Amino acid sequence: MKNVLLAAALGVLLFTSAKARADSSFTGAAKDAWLTGKIETAFVLNAHLNPFAIDTDVDNGVVHLTGTVRDDIDRDLAGEVVKGLDGVVEVKNDIKLDRASAEKTMAERQSAETRDFGSWVDDATTTAQVKSKLIGNPNVAAAKINVDTRDDIVTLSGRVGSSKEKELAEQLAANVGDVEDVKNNLVVDAE
């Protein structure tokens, strides 16, 4: 339940904080990319739609929906969700109906990606916290370090200038809230 509330809060925060900027500062491809993210977030937060079964393409505010869903209710719901978003000029809904194919696609994607949305948000939050710790330390070249998190296991990769810097980066990551383990794949350049 905590993860669901966190996900909902994150979605609301993303929508409200980005809305003001999108209408005034984003243009062209940047606005389309922002709108694509907004649409995909709306699909993820909608309990009645499978976001993995719907593909979104945005060009100058015109949204083209493709993919396969179980029935016409899901197809129409996807179109209506998109129409209700600020910045959408037009919706072309070419989503196909095929119950068996939609359920197979959903099962394949869920087996390839076993994290639920709440776990994904938790991992993304941990990644951001680790990256912030690295950026905040002047003894670490944070821009050269990639941080990935999966199920509270942080993986560090990239290049650092010394073994001390490698060790410090690992310790900074290990000291972040929910981190259970750190896989330190950092490569030390010639010292």
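Guide: Here are some labels, each set against its definition.
This is a predicted model, where local features need pLDDT of at least 70, side-chain atom pairs count only at pLDDT 80 or more, and totals for chains, interfaces and linings use all residues. Residues are numbered from 1 along each chain as its sequence is written, and side-chain values use heavy atoms, with hydrogens and water left out.

Visitor: Why is Glu 180 called exposed?
Guide: Exposed means over 50% relative accessible area, buried under 20%, and partly exposed in between (1.4 Å probe, protein chains only). Glu 180 has 61% relative accessibility, so Glu 180 counts as exposed.

Visitor: Where does Glu 180 lie?
Guide: In the loop between helix H6 (163-174) and strand S7 (181-188). Helices (H or I, at least four residues) and strands (E, at least two) are DSSP runs, numbered from the N terminus.

Visitor: Why is Asp 74 called buried?
Guide: Its relative accessible area is 10%. The cut-off for buried is under 20%. Therefore Asp 74 is buried.

Visitor: Which helix holds Asp 74, and what does Asp 74 touch?
Guide: Asp 74 is in helix H3 (residues 72-83). Leaving out residues up to four places away in sequence, Asp 74 touches His 48, Leu 49 and Val 69. Contact means heavy atoms within 4.5 Å.

Visitor: How many helices and strands does the chain have, and what share of residues is buried?
Guide: The chain has 6 helices and 7 strands. Of its 191 residues, 33% are buried.
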